[in-house]
Number of protein chains: 2
Amino acid sequence: MPAHVFIAEDETSIISLLKYNLEKEGHKVSHSENGEDALKQIKLKHPDLILMDWMLPDLSGVDICKNLKKDKKFNDIPIIMLTAKGEEEDKVKAFETGADDYVTKPFSQKELNARIKSLLRRAKPQSSSDIVEFIDLRIDRVTKRVYRKDKEINLGPTEFKLLDFFIKNPKRVYSREQLLNNVWGENIYVESRTVDVHIRRLRQAINIENTKPLIRTVRSAGYSLES
Amino acid sequence: MPAHVFIAEDETSIISLLKYNLEKEGHKVSHSENGEDALKQIKLKHPDLILMDWMLPDLSGVDICKNLKKDKKFNDIPIIMLTAKGEEEDKVKAFETGADDYVTKPFSQKELNARIKSLLRRAKPQSSSDIVEFIDLRIDRVTKRVYRKDKEINLGPTEFKLLDFFIKNPKRVYSREQLLNNVWGENIYVESRTVDVHIRRLRQAINIENTKPLIRTVRSAGYSLES
DNA sequence: CCCCTTTTTAATCATTTGTTAACTGAGGAA
DNA sequence: TTCCTCAGTTAACAAATGATTAAAAAGGGG
């Protein structure tokens, strides 16, 4: 699983070693050499995982960790703390501040890779409820099935996500940009016309023998799910 | 969640410490001070979880672990390895031999309890019953046999665990990552494509003369067991 | 050393996706 | 009303993505 890994570390030799190895694994790597900047960049780039030195100039790893963990937007980025060998009590402190794993220098690249993999694939808790309904539409997030009038409907992944998003706030009108941000993702760029196409596909799919259309077009504003 | 914990450890001071703490948590505790005896007792008592010292007189923890993990009847008992501090490479070896978790001495009781809880939670739900059925599929957890339409099916260990996991929550779609975490274990790192291969083998195995396929592929989401 | 299982790899196959461009229709202005 | 313009709709297609499959490589145990 290629991911974006951020390294906060002041020893350049370690940075380049890590960078080399991580890129070989297919990850995208950014880094920063001081705490202040690291925090700023992390918030800007929103990486998938952070390798953080315990000791950093001007803002310690612990502080960054605390800061991130209390911010809803960033508290689910896994953090691996890097510390010098032998500081056993640091381990406890690291976990207390919210680090997800802990590696002592010097570490084997193999082990680090393993831990990274493990953290990256750790299940994200899905908070939303399992089955949602709207009018004669039912969507089951556990079995990934969608029904209209108890008849099963086949949707592609994007149409599924689109409908799933609409159904969270029925009747609310979303602009194409909002849909792109919420369904496709913040940092993915596609033409806004693409939304139209998927709206059409979704409409076709959920349009079963003389039922209501369910998706409303609001001219020059966007789309909404309603009766 | 009270359970039966077995301790294989030769230092009596550690045994009594562990025993005290585990019993305070409500667990039933047995122990043995040498490898030979430990293995015998484990097979006799079939505990819910094992705490095992890496170094034991006359039969090492690794050997016991290997022995148990290749025995269908015992390979699902979670094992936590206990090792002296600083032996980093042992960690890798421990996981390779099939240990489910790894703790270095000295350890905090709090951390150990957390890990025990986590492993028990993962392993427990299967204890509900020894024979489970789904459609025309029957799996016997005691004898480790699988039948389809009363005809016995031969599955490799991984396929067995995979099917066993699926059958706990039929119809539920699991991602490859979830399957890796739950069937292979949190600490084992294989490519997620490997899952596909085992799914295929499982499919082939349970596909007896014109019966339903039973395993559904959900593109970009995962797999599920259903009719 | 041979056999069996697991894992990786790579080729192939199938579906989904994003884009483009032509088409349609609503609504405002004359 | 009629025409014009602009936004939305539709269909077609190429590219990308994801799943399947077979076969080779890697381990592990007897």
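Reader: How many salt bridges does the rule find across the interface of chain A and chain B?

Author: This is a predicted model, so local features need pLDDT of at least 70 and side-chain atom pairs count only at pLDDT 80 or more, while totals for chains, interfaces and linings use all residues. Residues are numbered from 1 along each chain as its sequence is written, chains are lettered from A and ligands numbered from 1 in the order in which they are written, and side-chain values use heavy atoms, without hydrogens and water. A salt bridge is a side-chain nitrogen of Lys or Arg within 4 Å of a carboxyl oxygen of Asp or Glu. Across this interface the rule finds one.

Reader: Which residue of chain A meets Glu226(B) in a salt bridge?

Author: Look at the side chains. The N to O distance is 2.1 Å. The partner of Glu226(B) is Arg145(A).

Reader: How many residue pairs are in polar contact across the interface of chain A and chain B?

Author: A polar contact is a pair of N or O atoms within 3.5 Å; within protein, one must be able to donate a hydrogen and the other to accept it, and residues adjacent in sequence count only if both atoms are side-chain atoms. Both residues of each pair have pLDDT 80 or more. The rule finds three.

Reader: Which element gives the most to the side of chain A that touches chain B?

Author: Helices (H or I, at least four residues) and strands (E, at least two) are DSSP runs, numbered from the N terminus. Helix H4 (88-96) and helix H5 (109-121) of chain A each give two or more residues to this side. With seven residues, the element that gives the most is H5(A).

Reader: How many residues of the side of chain A that touches chain B are charged?

Author: Ala, Val, Leu, Ile, Met, Phe, Trp, Tyr, Cys and Pro count as nonpolar, Asp, Glu, Lys and Arg as charged, and the others, Gly among them, as polar. Five residues of this side are nonpolar and four are polar. The charged ones number 10.

Reader: What area is buried between chain A and chain B?

Author: The size of an interface is often given as the accessible area lost when the parts come together. Buried area is that loss for two parts (1.4 Å probe), summed over both. Carbon and sulfur atoms give 46% of it here. The area is about 1,900 Å².

Reader: How much of the part of DNA strand D that comes within 4 Å of the protein is sugar and phosphate?

Author: A residue is near a molecule or strand if one of its heavy atoms lies within 4 Å of it. Of the 20 residues around DNA strand D, Arg200(A), Tyr223(A), Arg200(B), Thr217(B) and Tyr223(B) come nearest. Among the atoms of DNA strand D within 4 Å of the protein, sugar and phosphate account for 79%.

Reader: How far is a phosphate oxygen of DNA strand D from an N or O atom in the side chain of Thr217(B)?

Author: Other side chains also have such pairs. Arg203(A) has a polar side-chain atom 2.9 Å from a phosphate oxygen of DNA strand D, and for Arg193(B) the distance is 3.2 Å. For Thr217(B) it is 2.6 Å.

Reader: Is Leu22(B) buried or exposed?

Author: Leu22(B) sits in helix H1 (residues 12-24) of chain B. Residues beyond four places away in sequence that it touches (heavy atoms within 4.5 Å) include Val5(B), Leu51(B) and Ile116(B). Buried means under 20% relative accessible area, exposed over 50%, partly exposed in between (1.4 Å probe, protein chains only). Because its relative accessibility is 0%, Leu22(B) counts as buried.

Reader: Which residue's side chain makes a polar contact with the side chain of Tyr102(B)?

Author: Tyr102(B) belongs to strand E5 (residues 101-105) of chain B. Tyr102(B) is buried, with a relative accessible area of 6%. At 3.0 Å, its side-chain partner is Thr83(B).
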